[in-house]
Amino acid sequence: MKKDPSFQFKTTSLTRSTVAGKRVVIVGGTGGIGRAFSRELAGLGASVLVVGQTFRDTDIPSIEFWNADLSLMREAQRIADLLPAEELDLLIFTTGIFASPLRQETPEGIERDLAVSYLNRRVMLQSIAPRLGAGRSAGQFVPRVFLMGYPGGGQNGSYDDLNAERSYKAMPVHMNTVAGNEMLVLEGAKRWANASFYGLNPGLIKTNIRDNLLGQGSFKSRVLEGLIGLLTPTPQEYAKRIAPLFFAPELDGHSGAMFDRKGVAILPSSGLTDEHIGRFMAASDTVIQKANRAHH
Ligand SMILES: NC(=O)c1ccc[n+]([C@@H]2O[C@H](COP(=O)([O-])OP(=O)(O)OC[C@H]3O[C@@H](n4cnc5c(N)ncnc54)[C@H](OP(=O)(O)O)[C@@H]3O)[C@@H](O)[C@H]2O)c1
């Protein structure tokens, strides 16, 4: 990962006066890092809506929950159509899994990791992004979209067999979701000026994300997650460190920027040219259309 020398993010704390009353949606805010963001922002007075499958924060009245299985493109479309996009200040995507050792397929015919970690975000953005900030006047806060993944790591993805129908290997499939998310940031920044788009790379954090690969509660999982837990920040520590980014004035005018686990600006992966992004997105839309056809 290479640092982006063009600007620095210096805001180190987030105050209640900045956050209070802000409208935040966290897709994937029910668990792991997304949940840590949700609790941090709600604690500072934001009104937060989380989308996921299992709500774990019934004790916090300012966190609202919508239930959706985002492995399904139909569900992603339903949620996107219902979200009050025009009124949002902050939209964060943290939904994700890891590809399993054997290929899994959703009822809509999509490889499961591709569907959960990447394609539902594409579906949601197509519907939400054009509506973000609609009706706001100049000088008002420009809505921000943060996509969590692993940007800046040099993954370009390969669109030839995006749905892994001809051959399947967990790592390359997961790396396609990594590349896809980085491309959503770059494409979003080019395409929509009514909102700003940013990528987040958290490094390694101990959560449930690797369960699908290692087996939930397995020996391998306990050893590896134990080690990760010893060596890396908790989701709460990471959230505290990164949350100031969400509203930092330094980010204005830098749509498309990406940040490493410490909030340092990093350069995008060098292979992500406009042409490559165009082809990858076309392949993504072909898979989404296949899912839509599964309903007819
Ligand atoms: N942790 C790391 O080391 C690491 C490293 C690099 C990148 N990341 C990225 O960080 C993001 C957050 O990951 P995490 O580590 O916080 O993982 P996590 O603890 O497993 O949380 C994942 C979130 O996704 C939701 N989710 C999973 N399947 C879903 C489905 N079918 N429908 C709806 N929601 C679903 C979960 O909600 P429910 O529990 O309600 O199903 C949960 O809120 C991901 O984009 C991941 O790729 C993480």
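How are α4 and α9 oriented to each other, roughly parallel or roughly perpendicular?

1. The coordinates under discussion are those of a predicted model. In it, the axes of α4 and α9 cross at roughly 95° and come within 11 Å. Because angles of 65 to 115 degrees count as roughly perpendicular, α4 and α9 are roughly perpendicular to each other.

2. The contact between these two helices should be read residue by residue. On the α4 side, L114, Y118, L119, R122, V123 and Q126 take part, and they meet F280, M281, S284, D285, V287 and I288 of α9. The contact of α4 with α9 comprises eight nonpolar, two polar and two charged residues.

3. Helix α9 (residues 274-293) also packs on helix α5 (residues 170-191), at an angle of about 115° and with the axes 10 Å apart. That angle makes α5 roughly perpendicular to α9. The crossing of α5 past α9 is left-handed. From α5, the contact draws on N176, G180, M183, L184, L186, E187 and K190, while α9 supplies D274, H276, I277, F280 and M281. Six nonpolar, three polar and three charged residues make up the contact of α5 with α9.

4. The crossing of α2 past α8 is right-handed. Residues G32, I33, A36, F37, E40 and L41 of α2 meet P235, Q236, Y238, A239, K240, I242, A243, F246 and F247 of α8. The class count for the contact of α2 with α8 is 11 nonpolar, two polar and two charged residues.

5. The largest pocket holds about 1300 Å³ of space. It is lined by 47 residues, of which T94, T95, G96, I97 and I209 are the closest to its centre. Divided by class, the lining of the largest pocket has 24 polar, 17 nonpolar and six charged residues.

6. Which elements give two or more residues to the lining of the largest pocket? They are α2 (32-43), β2 (47-52), α4 (112-128), α5 and α6 (211-214). With six residues, α5 gives the most to this lining.

Conventions. Residues numbered from 1 in each chain as written. Predicted model: local features only at pLDDT ≥ 70, side-chain atom pairs only at ≥ 80, totals over all residues. Heavy atoms only, no water. Axes fitted to C-alpha atoms, helices over the stretch in contact; angles between N-to-C directions. Helix = DSSP H or I, 4+ residues; strand = E, 2+ residues; numbered from the N terminus. Parallel < 35°, antiparallel > 145°, perpendicular 65-115°, else oblique. Left-handed = near helix turned anticlockwise from the far one by under 90°. Contact = heavy atoms within 4.5 Å. Nonpolar A, V, L, I, M, F, W, Y, C, P; charged D, E, K, R; others polar. 1 Å grid on protein atoms, 1.4 Å probe; cavity = no way out; pocket = protein on both sides within 12 Å on 5 of 7 lines; lining within 4 Å. Points joined across faces, edges and corners; volume = space filled by probe spheres on them.
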